[in-house]
Amino acid sequence: MPREFTTIGVVGLGTMGAGIAEVMARNGISVIGVEVDAAGVDRGRAHLQASVARAVKGGKLTDDEAAALHERITYTTSLEDLAAAELVVEAVPEDLALKLSVFQRLDAVCPPETILATNTSALSVTEISVATARPSRVVGVHFFNPATVMKLAEVVRTVVTDPEVVSDVEALVRRLGKDDVTCGDRAGFIANALLFGYLNHAVSLYEQKYATREDIDTAMKLGCGLPMGPLALLDLIGVDTAYEILDTMYKQSRDRLHAPAPILKQMATAGLLGRKTGHGFYTYESSDSPVVVADAESPDADGGPRHGAEVRTVTRIGVVGSGTMASGIAEVCVKAGYETVLVARASAKVDAAKAAIARSLEKGVQRGKLSEEQRDTALLLLHGTTDLGGLAECDLVIEAVVEDVEVKRALFADFDELAKPGAILATTTSSLPVIECAMATRRPADVVGVHFFNPAPVMKLVEVVRTVKTADDVVATVHAVCRRLGKVAVDCGDRAGFIVNALLFPYLNDAVRMLEAHYATADDIDTAMKRGCGYPMGPFELLDVVGLDVSLAIQRVLYQEFREPGFAPAPLLEHLVTAGYLGRKAGRGFRDHSGR
Ligand code: 3HC
């Protein structure tokens, strides 16, 4: 039988400590909350009260339950008061010297059977444990911010932790209504080790002005279904905390991708710590507020073309190709009322693409998303041909053929001959340089990348890729078209992966490496990312859906472009692809799908 804790101490009532205290008290446990001074107690109490009030307002708690929750918490500035606790969770700032001194004092105050737990995100639990006379009763219990909402805690065992202590803490996590994953003592554990490489990379894109903060965050939310973009998440976590976590991870991994982006240190030094100070990557209404307010970096409020350029008139769109992307894009165009010419290599392909669009529109009618009249109007706007000459009257030509640079270059040379002057020539490539297409024409200023996501009728995001030659009014026009298509356009430069793939695939590759190193199972890694960080799918679920061959190809392109050692495809990914384990489509990838 696992130990039933009735009294738990929480040291440090900052964002995490206050959240942990609330979760414990919510689940019937008496909590002794310790802060360094009276002001700290007041801050912690205020934080907790505000959070509980929100839970009441959101219908998560009744007034009586909230009152009982508050009754279960006592506040103190004296660590000595923890003599009565059966378990103490330390949640002070990520500073090893500070944590060691807290644990030494706790060791002196608490009876020998008391379990001492640290909520550290990246520091060594082993190092902390040996500062006490009871290393076997020291464990890591890592909650996620906001602790009241995120449904995961990682339980970290060291080489000396007593297995009974681990199972007692695992049972406690489950009693708190959270999933538990248990892992060894490695910087970042499971979730942070995967999350922070990605967050740091996003900061680098921002720091290099590759894309704006809004566009980076929007791209990851709409492109990957994440609850928050990376920069907004850093503001929630705290820029100073993120810096410390990355710094610790770097010291252990020596992986350049974990070396904190320089701007993080500058922001931490300047007090731009995120929501807690009211300023971070974004500006907030006040300290601790989630409400973002406009500042000097905010885009124009009118949502109009940010480029200040004239918009070209677009009434007729050409889509070249007949695969899933081409037919999806053509469908989106006709639904938005554009005359659309779909050009494919053979009449059978034209017919197949038109049939696929008709089926998809019909599905829309059945699901109540489209009226029969809208379906009919859309179908009337759709024209199919095998003749590239059909593009002559198009104002915008969108190429969506195979990802082969020679095929695309030849096609763009044809567009150059056929399209009228002033027509915009766009490629949907996800991994080739757009400038290659541009330079196959005599009008490179009219060439732009428009990267739609699959399935195009559903996914809201379009990455608009400008080359060093793309004209401002071309970008402005593509933005206007995207708005009419009901899409959200983000801007980025012409380099491998654009925003979404550049941030997503190295994270997936890191997850494969973690699995390969036998640090955690695919199930635990998927659970950690879904429950700890609110991801809609874990990395292995997603890899199996996207296809391991597709993922490997993208990862190879990223590696070739950036020559970043950390981007080299994980050997396990290469081996699975070689073995034909390509994911769902092959019946087997990281998991066996044959029986489903
Ligand atoms: N108790 C119980 N429930 C509460 C609550 C409380 N005190 N306070 C809020 N809630 C509920 C709300 O009622 C709401 O419930 P509902 O969805 O059923 O209506 C839900 O929590 C979300 O509340 P918000 O209004 O704040 O809503 P958002 O939809 O804006 O979500 C978010 C905010 C939960 C932060 C979401 O954006 C998210 O999941 N973001 C990702 C967070 C993440 O990745 N965290 C991990 C960071 S890494 C980390 O912490 C490790 C560390 O070591 C750094």
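At what angle do the axes of helix H18 and helix H19 cross? In this predicted model, the axes of H18 (residues 500-516) and H19 (residues 522-533) cross at roughly 140° and come within 10 Å. Two packed helices are described by these two quantities, the angle between their axes and the distance between the axes. An angle has to be over 145 degrees to count as roughly antiparallel, and H18 and H19 are therefore oblique to each other. The crossing of H18 with H19 is right-handed. On the H18 side, the contact is made by Tyr507, Ala511, Met514 and Leu515, and on the H19 side by Ala522, Ile525 and Met529. Of the residues in this contact, seven are nonpolar, none is polar and none is charged.

Eight residues from domain 2 and 10 residues from domain 3 take part in the contact. Between domain 2 and domain 3, an area of about 740 Å² is buried, and carbon and sulfur atoms give 63% of this area. On the domain 2 side, the residues that lose the most area to domain 3 are Tyr210, Asp215 and Leu222, which together make up 64% of what that side buries.

Some details of the backbone remain to be described. Most peptide bonds are trans, and most residues other than glycine have a negative phi. One joins Asn145 and Pro146, with an omega of about 0°. Pro146 is found in the loop that runs between strand E6 (138-143) and strand E7 (152-156). Another cis peptide bond joins Asn454 and Pro455, and here omega is about -5°. Pro455 is placed in the loop between strand E16 (447-452) and strand E17 (461-466).

The phi angle is the point of interest at Phe498. This residue is not a glycine, yet its phi is positive, at about 50°. Phe498 lies in the loop that links strand E18 (488-493) with H18, the helix whose axis crosses that of H19 at roughly 140°.

Methods
Residues numbered from 1 in each chain as written. Predicted model: local features only at pLDDT ≥ 70, side-chain atom pairs only at ≥ 80, totals over all residues. Heavy atoms only, no water. Axes fitted to C-alpha atoms, helices over the stretch in contact; angles between N-to-C directions. Helix = DSSP H or I, 4+ residues; strand = E, 2+ residues; numbered from the N terminus. Parallel < 35°, antiparallel > 145°, perpendicular 65-115°, else oblique. Left-handed = near helix turned anticlockwise from the far one by under 90°. Contact = heavy atoms within 4.5 Å. Nonpolar A, V, L, I, M, F, W, Y, C, P; charged D, E, K, R; others polar. Buried area = accessible area lost by both parts, 1.4 Å probe.
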